[in-house]
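Me: I am new to this structure and would like to go through some of its side-chain contacts with you, one question at a time. Could we begin once the sequence and the model are in view?

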Amino acid sequence: MTTAISENASRSHDLRRAFSVYPTGVMALAGIANGRPVGMAVNSFTSISLDPALVAVSAAKTSRTWPVLSALPELGMSVLANSQEPLSRLLSSRDAEDRFAHHVWNTSDGGAVLLEGAALWLTCRPYNTVDAGDHVIGLYEILDVTVFEDVEPLLFHQSRYRAIRSDDDRA
């Protein structure tokens, strides 16, 4: 079945459905602000440049967490593992009082928060921001990378959480 993008009020809904066809990983952005960990989950993340080492994240302008995170001198980016769906939901919640209460995390010397059990840790510092419609694109310079090769990442596809299925799982 194909869906045409309409010209009416449902355009945002249609675009959201269209964009959901592209599977993404789930990234936790986190840092220390006022002595406490602050974070959010995003699935708009991409590598930008190898030299300098840059990544980009996108956050809605309506986010209450993004202004706090974007003001920090260092930010931790953790690619969540397929076992961390509950953490992703908590980090995505507008009503969660303490998003880190039941999760183990580490802090860099500069205040980046990195979540235990993740598939990847990036410690980053702000590089630039770009106004992009109803979102802000944050460009970040990578300071440190830790890859956990044996950890399968959590995926988000068609508005649902998914896991990578290997050839071994199909047998």
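Me: Is K61 buried, partly exposed or exposed?

Reply: This is a predicted model, and the answer rests on the relative accessible area of the residue. The relative accessible area of K61 is 41%, so K61 is partly exposed.

Me: Which residue does K61 meet in a salt bridge, and where in the chain is that residue?

Reply: K61 lies in the loop between β5 (53-60) and α2 (66-70), and its partner is 70 residues apart from it, so that the pair links distant parts of the chain. The side chains meet at 2.9 Å, N to O, and the partner, in strand β9, is D131.

Me: What separates R89 and E85 along helix α3?

Reply: The side chains of R89 and E85 meet in a salt bridge of 2.9 Å, N to O. R89 is partly exposed at 49% relative accessibility, and E85 is partly exposed at 26%. Because the two residues are four residues apart in helix α3 (residues 85-92), what separates them is about one helical turn.

Me: What kind of aromatic pair do F100 and W105 form?

Reply: The structure holds two aromatic pairs. In the pair of F100 and W105, the ring centres are 6.3 Å apart and the planes stand at 70 degrees. Planes over 60 degrees apart count as edge-to-face, so the pair of F100 and W105 is edge-to-face.

Definitions and conventions:
Residues numbered from 1 in each chain as written. Predicted model: local features only at pLDDT ≥ 70, side-chain atom pairs only at ≥ 80, totals over all residues. Heavy atoms only, no water. Phe/Tyr/Trp six-rings, centres within 6.5 Å; stacked < 30°, edge-to-face > 60°. Salt bridge = Lys/Arg side-chain N within 4 Å of Asp/Glu carboxyl O. Buried < 20%, exposed > 50% of the residue type's maximum accessible area, 1.4 Å probe, protein only.
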